[in-house]
Amino acid sequence: TVEVTFTDAEFKPWTGIGGKVNVEGGDPITLENGKATFTLMGGDTVTLTVTPAEGYVRGTVTVNGREIEGTTFPMPAENVTVSAAFKKIFSVTKTPAGVYSGDDTVNQDASYRFFVRNGFDAAHAKPVVTMGGTAATVSGSGTGSSPWVVKNVTGDLVITTPKHSVS
């Protein structure tokens, strides 16, 4: 969902599909297929609210193909195309429970880092990791300052150890 608020904007008749545009001091405009056509003055401040669907996080937001930081940009004296990309949140299942530390989710394309918990022998807790059902490459040692790492996550992770023992 992308909600756009235009400050000091004058607008003319629009066409489009799905979503909503709020014009400060005016009535909301309903979009169709995420599109509406209206006129803004160069220099007006455009404020975006980017809300990912459940199971996703905000990725990049671009204006005319250039990534912006934050949620505002000055309206240039030209047509603009605003795009938002979202990243899927993947689950992380660790078995047996309690052997490994680490979050229970990881964002798409991120690296996932985890350690063996205190009380378990790291030498016998070498993880076996699948990503989206396929074997994944794991680097690091899982001890000290060297966590185990799965890079560029593209699916749900399942982390298991065939054997574990308390040290």
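**Rings.** I searched the whole structure and found four aromatic pairs. For this I let rings of Phe, Tyr and Trp (its six-membered ring) pair if their centres lie within 6.5 Å, with planes under 30 degrees apart called stacked, over 60 edge-to-face and the rest tilted. I looked at Tyr-100 and Phe-114: their ring centres are 5.5 Å apart and their planes stand at 90°, so I wrote the pair down as edge-to-face. Tyr-100 is in the loop between strand E8 (82–95) and strand E9 (105–107), while Phe-114 belongs to strand E10 (residues 112–114), so this pair links distant parts of the chain, 14 residues apart. My strands (E, at least two residues) and helices (H or I, at least four) are DSSP runs, numbered from the N terminus.

Next I checked Tyr-100 against Trp-148, and this pair is edge-to-face as well, with 5.8 Å centre to centre and 75° between the planes. Trp-148 sits in strand E13 (residues 148–150) and Tyr-100 in the loop between E8 and E9, so the pair ties together parts that are 48 residues apart in sequence. Buried means under 20% relative accessible area, exposed over 50% and partly exposed in between, with a 1.4 Å probe and protein chains only. I also noted that ring pairs join Tyr-100, Tyr-112, Phe-114 and Trp-148 into a cluster.

**A charge over a ring.** The charged end of Lys-88 sits over the ring of Tyr-56, 5.5 Å from its centre. The rule I used wants NZ of Lys or CZ of Arg within 6 Å of the ring centre and within 35 degrees of the ring normal.

**Where the numbers come from.** This is a predicted model, in which local features need pLDDT of at least 70 and side-chain atom pairs count only at pLDDT 80 or more, while totals for chains, interfaces and linings use all residues. Residues are numbered from 1 along each chain as its sequence is written, and side-chain values use heavy atoms, leaving out hydrogens and water.

**Strands.** I counted zero helices and 14 strands in the chain. Two strands pair if DSSP finds at least two bridges between them. I followed E8 first: six bridges join E8 to strand E5 (residues 56–63), antiparallel, and there Arg-58 has Phe-86 as its bridge partner. Three bridges join E8 to E9, again antiparallel, with Ile-89 opposite Asn-107. E8 and E14 run parallel and share four bridges; Thr-93 stands opposite Val-158, and Lys-94 opposite Ile-159.

Which other strand is joined to E14? Strand E11 (residues 128–131) is joined to E14 by four bridges and runs antiparallel to E14; Met-131 has Leu-157 as its bridge partner there.

**Whole chain.** Of the 167 residues, 29% count as buried. I took contact to mean heavy atoms within 4.5 Å. Among contacts between residues at least 6 apart in sequence, 52% join residues at least 24 apart. The accessible surface comes to about 9800 Å², and 50% of it belongs to carbon and sulfur atoms; the areas come from the Shrake-Rupley method with a 1.4 Å probe.
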